[in-house]
Amino acid sequence: AVPPTAPLWFHALAVVSVVAIAGIWYSFAACAITWSPVAQAYTRARKAIAYATGGLFTAFGIKLAADG
C-alpha cells in the first residue's frame, strides 16, 4: 500500500508502473496465443482449462459462503 503521505509523483509512478506491467503481460500473452503450437495446445486443452477454472471458482465461492 502507498502511504497517504507519499508525494504525488510516487502515486503517478505507481500507476505508470502498473499500466506498463499490464501492457507488457498482455502483449506477451497475445503474441504467445497467436503462435501456432501454443494456439493448438490451447485448443486441445480448452475444455479442461474451463472445467478446472470453473471448479476453482466454485470452491472459492463455497469457501466464501461458508466463512461468512
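Me: Buried means under 20% relative accessible area, exposed over 50% and partly exposed in between, computed with a 1.4 Å probe and with protein chains only; on that scale, why is W25 called partly exposed?

Reply: The relative accessibility of W25 is 49%, a value in between the under 20% of buried and the over 50% of exposed, so W25 counts as partly exposed. This is a predicted model, in which local features need pLDDT of at least 70 and side-chain atom pairs count only at pLDDT 80 or more, while totals for chains, interfaces and linings use all residues. Residues are numbered from 1 along each chain as its sequence is written, and side-chain values use heavy atoms, with hydrogens and water left out.

Me: What makes up the secondary structure of the protein chain, and why is the chain described as more spread out than a compact globule?

Reply: The protein chain has 2 helices and 0 strands, where helices (H or I, at least four residues) and strands (E, at least two) are DSSP runs numbered from the N terminus. Its radius of gyration, taken over C-alpha atoms, is set against a globule rule of 2.2 Å times the number of residues to the power 0.38; the value is 19 Å, well over the 11 Å that this rule gives for 68 residues, so the chain is more spread out than a compact globule. The C-alpha trace spans about 50 × 40 × 5 Å along its principal axes, and 1% of the 68 residues count as buried.

Me: How is a pair of aromatic rings described, and why is the pair of W9 and F10 called edge-to-face?

Reply: Such a pair is described by the distance of the centres and the angle of the planes. Rings of Phe, Tyr and Trp (its six-membered ring) pair if their centres lie within 6.5 Å, and planes under 30 degrees apart count as stacked, over 60 as edge-to-face and the rest as tilted. The structure holds 2 aromatic pairs. In one of them, W9 and F10, the centres are 5.9 Å apart and the planes stand at 80°, so the pair is edge-to-face.

Me: What makes the contact of K63 and D67 a salt bridge?

Reply: The term asks for a side-chain nitrogen of Lys or Arg within 4 Å of a carboxyl oxygen of Asp or Glu, and the side chains of K63 and D67 meet at 2.7 Å, N to O. A search of the whole structure finds 1 salt bridge.

Me: How do you know that the side chain of T34 makes a polar contact with the backbone oxygen of C31?

Reply: A polar contact is a pair of N or O atoms within 3.5 Å; within protein, one must be able to donate a hydrogen and the other to accept it, and residues adjacent in sequence count only if both atoms are side-chain atoms. The side chain of T34 reaches the backbone oxygen of C31 at 2.9 Å, and that of A30 at 3.1 Å. T34 lies in helix α1 and is exposed at 62%.
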